[in-house]
Amino acid sequence: MNVPWITEQQVREKVSIADAIEAIAGSITREVDGTARNIPKTMTTWEPASSAHALGAYDEGAGLVAFKTWVNTPEGASALLTLFDATTGIPRAVLEAGALGALRTAAVSGLATRLMSAPDAAELAVIGSGRQALGQVAAVCAVRPITRVRVWCRSENSRIGFAATVRDTLGVDAVTAPTLAEAVDGAPIVTLVTRATEPFLSPGVLSAGTHLNAVGAILPHTAEFDPALLADSDLTVVDSLANARRSSRELTEYYGEDWAAVKTLGDLLTGAVVRPLNPALTIFKGLGMGLADLAVAATVLESTHREGALA
């Protein structure tokens, strides 16, 4: 059996951040009506700082099943996603999934920002400057009229370099902030995308009305914000409740066994929950889910078939 192999470069070329956001919104909506389902994430970790993960999804609308597996180690990381035909069980394609994972993570944040932030929000504070940070900025810029990006991370050189990358790549004004507090002060949208293992964002630092995307801490022992910050949130949303219960230290420490206050993107997309008119704070916690990976992979597959690349 000759199964098509789709490279990282092809993924980057075939899907825009706007297309990814719309594809994921469609998949999540089908999840709510029962025609799409996540296969919960499973993982293990080992010393000194390594982890292995697997998740998947089924989407009747796309006619596909997806499984993604990936391994992160101090020496390197790699990810693969396999798409299967949901009717025949035949493999449709194998995708190198590093770029795909970054794209879906950014797109989910973009979707959350579109649903949860002030429509006229024009500034973004991005905390972190690693390999996923630029995609996060691009996703927010795709859904809000961002005119300035504030950048903060611990390294001054990294702050300066990343701000230049934002300006050069996205054409948006970007400035560095000398401290975390100055970066987030008055910012209507704040995105945390770091490898922090301990909380660094405390209650009382964010301004009234801020929308917070927290997407960097996805392991049970990691955290970016103090769980007490959730007491100030008028709307707390996750992409997947099952994955959040399993992997979010911040939410687990605060909510314990009672997660009734935590909503999902599906709740917002279907109108079951709406953004408060003047919230003190809204928080989106992204942990990753198979449906988002499947949605982006299906868009790549459709684009490559349309252009004859896999014929």
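A charge is taken to sit over a ring if NZ of Lys or CZ of Arg is within 6 Å of the ring centre and within 35 degrees of the ring normal. In this predicted model, Lys68 meets that description, lying over the face of Trp70 at 4.5 Å from the ring centre.

Pairing between aromatic rings was examined next, and the count comes to 3 aromatic pairs. One of these is formed by Phe67 and Phe84, whose rings are edge-to-face, with 6.4 Å from centre to centre and 80 degrees between the planes. The pair links distant parts of the chain, since Phe67 belongs to strand β4 (residues 64-73) and Phe84 to strand β5 (residues 76-85), 17 residues apart. Phe67 is partly exposed, with a relative accessible area of 38%, and Phe84 is likewise partly exposed, at 25%.

The rings of Tyr254 and Tyr255 are also edge-to-face, because their planes stand at 90 degrees, with the centres 4.9 Å apart. Tyr254 is partly exposed at a relative accessible area of 36%, whereas Tyr255 is buried at 12%. Ring pairs join both tyrosines, Tyr254 and Tyr255, with Trp259 into a cluster.

Leaving aside residues up to four places away in sequence, Val149 touches Leu124, Val126, Val137, Val166, Val172, Asp173, Ala174 and Val175.

Key:
Residues are numbered from 1 along each chain as its sequence is written. This is a predicted model: local features need pLDDT of at least 70, side-chain atom pairs count only at pLDDT 80 or more; totals for chains, interfaces and linings use all residues. Side-chain values use heavy atoms; hydrogens and water are left out. Contact means heavy atoms within 4.5 Å. Rings of Phe, Tyr and Trp (its six-membered ring) pair if their centres lie within 6.5 Å; planes under 30 degrees apart count as stacked, over 60 as edge-to-face and the rest as tilted. Helices (H or I, at least four residues) and strands (E, at least two) are DSSP runs, numbered from the N terminus. Buried means under 20% relative accessible area, exposed over 50%, partly exposed in between (1.4 Å probe, protein chains only).
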